[in-house]
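Here is a short report for a first look at this structure. Keep the sequence and the 3D view side by side.

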Amino acid sequence: MAVRVGVLGATGAVGQRLIQHLEPHPDFDIAALTASDSSAGKTYRQAAKWRVDSPIPNDIGEMTVTATEPGEVPDDVDLLFSSLPSSIGAEVEPDFCEAGYVVSSNSSNSRMADDVPLVIPEINAEHLDLIEVQRDERGWDGALVKNPNCSTITFVPTLAAIAEYGLEKVHVSTLQAVSGAGYDGVSSMEIIDNAIPYIGSEEDKLETESRKLLGEFDGAELSHNEMSVSASCNRIPTIDGHLENVWVETEDELTPADAAEAMRSFPSLDLRSSPEQLIHVFGEPDRPQPRMDRTVGGGMAIAAGGLQETPFGLQYNCLAHNTIRGAAGASMLNGELLLENGYL
Ligand SMILES: NC(=O)c1ccc[n+]([C@@H]2O[C@H](COP(=O)([O-])OP(=O)(O)OC[C@H]3O[C@@H](n4cnc5c(N)ncnc54)[C@H](OP(=O)(O)O)[C@@H]3O)[C@@H](O)[C@H]2O)c1
């Protein structure tokens, strides 16, 4: 029987992608949609300015959006996908967990908390068991699980693939799509014919989340990876797909050919939304490109290319679809992992 799920922040850019992917999902049944008080009481069709590339599913369009409070969500809903602004997530996600709901969240609040699992299932599924520590410490019946920032998700799988060579120093420079800032995020006057070399708080997220994701969990505590990471984040006028240039210095010698092989053979999982191949490595020097390659693996895979040796170590480019693999798809995959691991 399908698990009854809800979407918090269902009318937003990520909420819409969640609905697009959850509605046909055989294991999940959408039973609650929440948003701000200004949307509450309207049908979803009235409340959401629908902007994704398929029509609003009919039954979803007729559902009534509620306020984002535990009392508004039916008790028989087990799993909530959260795509709220982080300031709102920080306020309400703990209330939902306390009320017994398991929350798989995109929002950046609590990602770095010691007892909150930050998970990319193919990379660190074992961190999910931090839930036991969290429940002991917070006394929750529910649980809070986070997926990382969209630009962190793009490069960390490539690092995981070469981690056995000993990651020492990582430099990453991003070229991020406008959809990453939400529909109202960057005005057209700012971004057309331009690039903006600053995205508030983004660099810190790449630098800290990557070390948590590649850290080790001993069943009680999580230690962060000791590599040093330096990030520089840029907004560019693409719609979807974050492209990143990465330089990695490793303890052991790592040739571009060995790195390509390690990335190609890095295993995916057999969760429903896992791509068959997690990392696609292009041989052409001018790939991956956002417009051409953001939908590899249905938007759930990572594309890489341009591997070469430089005085600063191995250099390569990587790309992921920021609202699918980087947001909605990421928390959906965490929902599938929660289901597979018996947390629902
Ligand atoms: N866009 C991306 O690529 C991306 C990637 C990774 C992570 N994220 C994160 O995901 C979250 C959502 O991003 P987004 O781009 O989808 O934002 P968005 O388009 O602005 O949507 C925000 C959603 O939250 C609701 N909301 C706003 N204020 C609220 C309040 N006071 N109480 C309850 N609900 C409220 C909105 O409802 P109304 O329609 O009623 O206002 C809407 O449903 C953010 O934390 C963001 O950082 C985004």
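Ser110 is partly exposed, with a relative accessible area of 29%. (Buried means under 20% relative accessible area, exposed over 50%, partly exposed in between, with a 1.4 Å probe and protein chains only.) Its phi is near 65°, a positive value in a residue other than glycine. Ser110 sits in the loop between strand S5 (102-105) and helix H5 (121-124). Helices (H or I, at least four residues) and strands (E, at least two) are DSSP runs, numbered from the N terminus.

Asp193 is exposed, at a relative accessible area of 76%. Its phi is positive too, about 65°, and Asp193 is not a glycine. Look for Asp193 in the loop between helix H8 (188-191) and helix H9 (202-213).

## Basis of the model

This is a predicted model, where local features need pLDDT of at least 70, side-chain atom pairs count only at pLDDT 80 or more, and totals for chains, interfaces and linings use all residues. Residues are numbered from 1 along each chain as its sequence is written, and side-chain values use heavy atoms, leaving out hydrogens and water.

## The open sheet

Six strands form an open sheet in the order S10-S7-S11-S14-S13-S12, with mixed pairing. Two strands pair if DSSP finds at least two bridges between them. Strands S10 (228-235) and S12 (279-281) stand at the edges, each with a single partner strand, so one side of each lacks a neighbour in the sheet.

Strands S7 (residues 167-176) and S11 (residues 242-250) run antiparallel, joined by eight bridges. Val170 stands opposite Val248 in S11.

## A cis peptide bond

Arg287 and Pro288 are joined by a cis peptide bond, with omega about 5°. Pro288 lies in the loop between S12 and helix H11 (290-293).
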